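Let's walk through this model together, one region at a time. Have the sequence and the coordinates open as you read.

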Amino acid sequence: MAKRKEQPPEEGSPAWMATFSDLMNLLLCFFVLLFASSTMDEGKIQKIAASFDNVTFSVIDKGSISLVEGGMLSGGVSQVPDAQAVLTESGHNIEPDSGKEVTATKNDAEKLSDEELMVELNKRGEEQSEEMYDEVMQMAESYSIDDLISIDYNEQYVELDLNGSILFESGSAQIKNDSKIFLQKIAQILTKYKYCIIEIEGHTDNVPMYSARYENNRELSSERARSVYEFIVEQEDFIDSNMKIAGYGESRPVASNSTEEGRAKNRRVTIKIYNKQNTNY
């Protein structure tokens, strides 16, 4: 019987070797990750992990993410926020160039004195008020009423002073007909900040009130503030719980009552728009 001719061996590695190589690579990556995790402080890992609670991202479609020497690296297009911001929120501040941890912001905040915390809060409030001030000023200029109001701000609110002679006749709390268009524009400005506390204050000079309708300057100032409030809320949609009115009479002058010019400045309606930080006081 003739011998069967032997077939020559197939070229290259056998098929099972490719599968085996993939398995070894996966095992190597797995143990490298275990080793890397074991060398990091567990507390840091928990804080960093907690910072991702409200973050959604994809490690398949958008790229991969890893932590190297306390910094964050992102492959592809990642939806994770800035690494410095995430680590700062988790209580760590990373030096940008070295990648080393230099401070813990939460611990530092706990060590701040009440006075230092108040300074920081005032600074943040003033920044918010300054931004609102610029917006109000731009709107007032666009409505061509910037020369009819005085605008200022501090760390709590933006203040609009409306001259009383523009709005009311002497000794009256009824809004003049020719000032209603002006007040409509004020209402349009205020509605942008309807989620903030808006306080309307009435003020007068120190000239005694002689009127059968109002007993004194405080009562007159309160009615003037109420009139402005009622007119404004009729023009635009406001949140009533955020609106406040008050009458201070002659108790809070901004100028001397010894001159007519000073008394004219004191007869005013002041509108205070509190910034976000001071809205929930």
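What covers the buried residues of H5? The cover includes strand S5 (149–153), strand S6 (157–163), helix H7 (180–190), strand S9 (268–274) and helix H10 (276–279), with contact meaning heavy atoms within 4.5 Å. Helices (H or I, at least four residues) and strands (E, at least two) are DSSP runs, numbered from the N terminus.

A word on the ground rules: this is a predicted model, where local features need pLDDT of at least 70 and side-chain atom pairs count only at pLDDT 80 or more, while totals for chains, interfaces and linings use all residues. Residues are numbered from 1 along each chain as its sequence is written, and side-chain values use heavy atoms, leaving out hydrogens and water.

Back to H5, which spans residues 114–142. Its buried residues are Gly125, Ser129, Met132, Val136, Met139 and Ala140; buried means under 20% relative accessible area, exposed over 50%, and partly exposed in between (1.4 Å probe, protein chains only). An α-helix has 3.6 residues a turn, so residues three or four places apart point the same way. Just after H5, Ser144 takes a positive phi of about 60 degrees.

Tyr157 is buried at 11% relative accessible area, and Tyr274 is buried at 8%.

How values were computed
Expected span 1.5 Å × (residues − 1).
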